[in-house]
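Dear colleague,

Please find the structure below, together with the findings that accompany it.

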Amino acid sequence: MSVKFIGESDGIKKFALENKNFVKAEIITYGARIFRLVLPVGDGIDIVAGFNTPGEFKGDNPYFNAVIGRCCNRIAKAGFALGGITYNLYANDGENHLHGGKEGFDRKIWDAQTVGNTLRLSLTSPDMQEGYPGTLKVTVDYELTDDNELKLTYRAVSDKDTVCNLTNHAYFNLDGDFESVLNHIVTINADFITTVDDELIPYGDLTKVDGTPYDFKQPKKIGKDISAETKMLTAAKGYDFNYVLNKAKDTPCATAYSQKSGVKMSVFTTEPCMQFYTGNFLDGIVGKKVYGYQSAFCMETQNFPNACNVPGFKSTILKKGEQYFSATTYKFDF
Ligand code: BGC
């Protein structure tokens, strides 16, 4: 395993993590994003979406492989109350707040240092940035092990009570060609998803997945039920739901498998939920490839979305001085 600085362009530094099996993850300091994730299959396949140069990640794109914060997913009506004060956030998804606001952590240049075999990216988000209270100091560690695991460890501490829910928005296509994800075979170890309204806002109810198109407890092709005309699948134009994970020690919360490349990805996490998103808003954006509708999928581990407005959900409040900790591993077999 090694971590190396491999260059800087447009004010963005690039690092390469490599292991003994010739797996290579390149990480950039803009948005703490995964730039490339190459597996030694055939001539080598890059299984994450994105652009050919770091600078192209600046500006509008669908959060390609970025760390999302201070609060990922949607917050209803772009606001929440904490300690008797109402905080107003930026509404960037209709009336709602999505993925940290106008300039979330995905649009910040993070500091980088190598700590042994780990790349540590750090960011200080000032008090009231994007409307969130408290100065939040965040670190995200990337590590690539010789067992072909890409490990992400998130830590944060705030000097005031705040809300915090971090994830990574990697877009995967294990075929490596970013044509379609519909033939990928997926499992998700979850009995429930958080029910959403037409604006994809979870408001407290859960839907049991048994006997529904949302059920991935047994291996199933993404495409099998994706066109079922349920209210939620229609509103989301595909899967875009938060799965409430069954507690399972040492077994993955989700897996995805490509018959084309033989690559299997297993996801492990400390988090209670995972947003499974099938790229339903990808509309032909041009990068390393042309990313069309449902050409990539995301497995975004996280705490409950909109929890700051739903008392029944596990809280995303981070108390002053307390440590936020979250860890997710993406393991690859090929
Ligand atoms: C959300 C989608 C959203 C996408 C943005 C996902 O995490 O669940 O609804 O469109 O991010 O690219």
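**Asn19 and its surroundings**

The side chain of Asn19 makes a polar contact with the backbone nitrogen of Asn21 at 2.9 Å (a pair of N or O atoms within 3.5 Å; within protein, one must be able to donate a hydrogen and the other to accept it, and residues adjacent in sequence count only if both atoms are side-chain atoms). This is a predicted model, in which local features need pLDDT of at least 70 and side-chain atom pairs pLDDT 80 or more, while totals for chains, interfaces and linings use all residues. Residues are numbered from 1 along each chain as its sequence is written, and side-chain values use heavy atoms, with hydrogens and water left out.

Asn19 sits in the loop between strand S2 (12-18) and strand S3 (24-28); strands are DSSP runs of E, at least two residues, numbered from the N terminus. With a relative accessible area of 7%, Asn19 is buried (under 20%, 1.4 Å probe, protein chains only).

Residues around the ligand (a heavy atom within 4 Å) include Arg74, His169, Tyr171 and Glu300. Of the 310 Å² of accessible area that the ligand has on its own, the protein covers 95% (Shrake-Rupley method, 1.4 Å probe).

Yours sincerely

How values were computed
Helix = DSSP H or I, 4+ residues; strand = E, 2+ residues; numbered from the N terminus. Buried < 20%, exposed > 50% of the residue type's maximum accessible area, 1.4 Å probe, protein only.
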